[in-house]
Amino acid sequence: MRKITLAATTLAAAGAVAGPALAADLNVSVEIPRLSVAAYHRPYVAVWIERPDNTAVRTLAVWYEVSNVEEGKDWLKDMRTWWRRGGRAMTMPADGISSATKAPGRHTVSVPGARLSSLPAGDYVIVVEAARELGGREAVRVPFRWGAANTARASGSSELGAVSVTVTR
């Protein structure tokens, strides 16, 4: 009986240490505002994780012109920060990451914990960058903690609205 209790205690302790990062899911909510401009084009948007020192960890989503793949890929470099931090090394379309541009409104990028299982617990930043033809470019940075349940928010001022990050267990 004592061996079972000791084994159960050891297993529970190991789960408490390794469990948070493995069991967590990440949800990023991005608001694309409705703009009153003469020629509106849906923005290209990139969502990625960085360390606090600005080194890119992983791209989570890229929304761009997929109906004309070659032309769409030519304009990815307009999301300059993402492009320089790792976008130019990616092959598009990227399975599970790339998709079409989105209309104004609130959109969610949901990443199951299994996809981020190699990400060590710690402090990170979600970066959402948007660039629009005949429009502007904007990046919103939201610090968050991976490995523990938490929520963080920030807001853009022109090309992006509210951005929120939720880590659930």
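Let's start with the open space: the largest pocket here has a volume of about 330 Å³. Keep in mind as you look around that this is a predicted model. Rolling a probe the size of a water molecule over the atoms is what shows where empty space is left. Around the largest pocket you'll find a lining of 15 residues, and those nearest its centre are Arg42, Tyr44, Trp75, Arg132 and Glu133. Sort the lining by class and you get eight charged residues, four polar ones and three nonpolar ones.

Now turn to a sheet. Four strands make up an open sheet, running in the order β5-β1-β9-β8 with antiparallel pairing. At its edges sit β5 (105–111) and β8 (150–155), each of which pairs on one side only. Going from one strand to the next, the twist averages 15 degrees. Strands of a sheet pair through backbone hydrogen bonds, either parallel or antiparallel.

For a look at one pairing in that sheet, take β1 (residues 25–32) and β9 (residues 162–168): they are joined in the antiparallel sense over six bridges. You can pick out Asn27 there, standing opposite Thr166 in β9.

Our last stop is Ser98, which belongs to strand β4 (residues 98–99). Is Ser98 buried or exposed? Its relative accessibility is 17%, so Ser98 counts as buried, the cut-off for that being under 20%. Who are its neighbours? Leaving out residues up to four places away in sequence, Ser98 touches Val62, Tyr64, Met92 and Pro93.

Key. Residues numbered from 1 in each chain as written. Predicted model: local features only at pLDDT ≥ 70, side-chain atom pairs only at ≥ 80, totals over all residues. Heavy atoms only, no water. 1 Å grid on protein atoms, 1.4 Å probe; cavity = no way out; pocket = protein on both sides within 12 Å on 5 of 7 lines; lining within 4 Å. Points joined across faces, edges and corners; volume = space filled by probe spheres on them. Nonpolar A, V, L, I, M, F, W, Y, C, P; charged D, E, K, R; others polar. Pairing = 2+ DSSP bridges. Helix = DSSP H or I, 4+ residues; strand = E, 2+ residues; numbered from the N terminus. Axes fitted to C-alpha atoms, helices over the stretch in contact; angles between N-to-C directions. Buried < 20%, exposed > 50% of the residue type's maximum accessible area, 1.4 Å probe, protein only. Contact = heavy atoms within 4.5 Å.
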